[in-house]
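Have the model open beside you while you read. We'll take it piece by piece and look at what packs where.

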Amino acid sequence: MNMRIHIAADHAGFDLKKHLKAHLAEAGYELIDHGYEQYDSTDAYPPVCIECAQATVADPGSFGIVIGGSGNGEQMSANLVAGCRAALVWNDDTAMLARAHNNANVISLGARQHTLEEATRFVEIFLSTDFDPESRHQSRIQMMLDYEQQHSCSC
């Protein structure tokens, strides 16, 4: 497989991150952990999620996973990075559509919202879904890229 996955979590996502790292490593993925290495209830999500997003964008073909209590702040932090398209995923459909329609490169998960099994399934769906650059959805992605690059939108 040899796909590289960048991963980060705050204190609320620490256990899910640990679980996903083991599961994905067993499946053959290469994992790069952007923190935190030890549980600390005062850990903040922005620094590690931003670092994970930066690494994902700088590493073409890789994907990122950011995890917190709800996934909301983690997604918002990751999306501050130019080139990052982080999607908050809460069910099978959003996991698939984030890739198939939005070509997301980062999945954001709320560890307090899902069981380990559910979150693992969402990640597997996300990583196994392809984006078709010839689809009608490419034009929407291009609008976002245009705005990101030019700070204006032609929409």
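Buried means under 20% relative accessible area, exposed means over 50%, and partly exposed is in between (1.4 Å probe, protein chains only). What you're looking at is a predicted model, where local features need pLDDT of at least 70 and side-chain atom pairs count only at pLDDT 80 or more, while totals for chains, interfaces and linings use all residues. Residues are numbered from 1 along each chain as its sequence is written, and side-chain values use heavy atoms, with hydrogens and water left out. Helices (H or I, at least four residues) and strands (E, at least two) are DSSP runs, numbered from the N terminus.

**A spot in a loop**

Let's start with Asp130. It sits in the loop between helix 5 (116–128) and helix 6 (138–150). Is Asp130 buried or exposed? Its relative accessibility is 64%, so Asp130 counts as exposed. Asn103 is 27 residues from Asp130 in sequence, yet their C-alpha atoms are 8.0 Å apart in space.

**Helix 1 and its two sides**

Now find helix 1 (residues 14–26). It has 13 residues, and at 1.5 Å a residue it should span 18 Å; the end C-alpha atoms are 19 Å apart, which agrees. (The expected span is 1.5 Å times one less than the number of residues.)

Which residues of helix 1 are buried? They are Phe14, Leu16, Lys17, Leu20 and Leu24. These cover an arc of only 150° around the axis, so they are on the same side of helix 1. (That arc is taken from the directions from the helix axis to the C-beta atoms.) Turned away from the buried side is a face with the exposed residues Asp15, Lys18 and Glu26.

What covers the buried residues of helix 1? The cover includes strand 1 (4–9), strand 2 (30–33), strand 3 (63–68), strand 5 (106–110) and helix 5. After helix 1 comes Gly28, with a positive phi near 100°.

**Charged pairs**

Side chains of opposite charge can pair when their charged atoms come close. Here, a salt bridge is a side-chain nitrogen of Lys or Arg within 4 Å of a carboxyl oxygen of Asp or Glu. The structure holds five salt bridges, including these:

| Pair | N to O distance |
|---|---|
| Arg4 and Glu30 | 2.9 Å |
| Lys17 and Asp33 | 2.9 Å |
| Arg121 and Asp92 | 2.8 Å |

Take Arg4 and Glu30, which meet in a salt bridge. This pair links distant parts of the chain, with Arg4 in strand 1 and Glu30 in strand 2, 26 residues apart. Arg4 is partly exposed at 28% relative accessible area, and Glu30 is partly exposed at 31%.

Next come Lys17 and Asp33, another salt bridge. Lys17 is in helix 1 and Asp33 in strand 2, so the pair ties together parts that are 16 residues apart in sequence. How accessible are the partners? Lys17 counts as buried because its relative accessibility is 2%, whereas Asp33 is partly exposed at 28% relative accessible area.

Then there's the salt bridge between Arg121 and Asp92. Arg121 belongs to helix 5 and Asp92 to helix 4 (residues 92–100), so this pair ties together parts 29 residues apart in sequence. Arg121 is partly exposed, at 37% relative accessible area, and so is Asp92, at 31%. Shared partners also matter for the picture: salt bridges join Arg4, Glu30 and Asp59 into one network.

**Strand 5, covered on both faces**

Why can we call strand 5 largely enclosed by the rest of the structure? Because five of its five residues are buried. Val106, Ser108 and Gly110 are on one side, Ile107 and Leu109 on the other, and both faces are covered.

Strand 5 pairs with strand 3 in the parallel sense over five bridges (two strands pair if DSSP finds at least two bridges between them). In that pairing, Val66 stands opposite Ser108. Strand 4 (residues 86–88) also pairs with strand 5 in the parallel sense, over three bridges, and there Ala87 stands opposite Ile107.

Finally, look for Tyr36, in the loop between strand 2 and helix 2 (45–58). A cis peptide bond joins Gly35 to Tyr36, with omega about -5°.

How values were computed: Contact = heavy atoms within 4.5 Å.
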